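This short report describes how one protein model is packed. Please look over the sequence and the structure before reading on.

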Amino acid sequence: RAALRELASLRAQVTASQQALGDAQQGRATLVADQARIRENMSAVPDDSDLSRRYLDELSRQEDRLAELDASIERMRGALRDAELRVTEYVRSLSL
């Protein structure tokens, strides 16, 4: 029973890692879609307008956020790999 509880705990860590990674990837996709919308809007306004500058400022902030998200996603992928490896190693260590 203790082995099953431990296995369930390890699997819960994998599931949590998968969920966090999925959420981060969804956030990134939303940000990329918003950038496409902003770029499309920029094509409809004069380059030297206040609105164009606001769009550029927003794109700059979003690029910074994308860089942060990309780094975070890579860390999450590593955490997921580690969690999956712990499950695999635990299962291999069990004796029936």
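## A buried leucine

L69 is buried, with a relative accessible area of 8%, where under 20% counts as buried. The model is a predicted one. L69 belongs to helix α2. Setting aside residues up to four places away in sequence, L69 touches A24, G27, R28 and L31.

R37 is 32 residues from L69 in sequence, and the C-alpha atoms of R37 and L69 are 19 Å apart in space.

## The helix pair

Helix α1 covers residues 2–42 and helix α2 covers residues 50–93. The axes of α1 and α2 come within 8 Å and cross at roughly 160°. Angles over 145 degrees count as roughly antiparallel, so α1 is roughly antiparallel to α2. The crossing of α1 and α2 is left-handed. Sorted by class, the contact of α1 with α2 has 25 nonpolar, twelve charged and nine polar residues.

## Nonpolar cores

The largest nonpolar core has nine residues: L10, V14, L21, A24, I73, L80, A83, V87 and Y90. Both α1 and α2 supply at least two residues each to this core, and α2 gives the most, with five residues. A24, one of the residues of this core, is also among those that L69 touches.

L80, another member of the largest core, is in contact with V14, S17, Q18 and L21, leaving aside its neighbours within four places in sequence.

Conventions
Residues numbered from 1 in each chain as written. Predicted model: local features only at pLDDT ≥ 70, side-chain atom pairs only at ≥ 80, totals over all residues. Heavy atoms only, no water. Axes fitted to C-alpha atoms, helices over the stretch in contact; angles between N-to-C directions. Helix = DSSP H or I, 4+ residues; strand = E, 2+ residues; numbered from the N terminus. Parallel < 35°, antiparallel > 145°, perpendicular 65-115°, else oblique. Left-handed = near helix turned anticlockwise from the far one by under 90°. Nonpolar A, V, L, I, M, F, W, Y, C, P; charged D, E, K, R; others polar. Buried < 20%, exposed > 50% of the residue type's maximum accessible area, 1.4 Å probe, protein only. Contact = heavy atoms within 4.5 Å. Core = buried A, V, L, I, M, F, W, Y, C linked by side-chain atoms within 4.5 Å.
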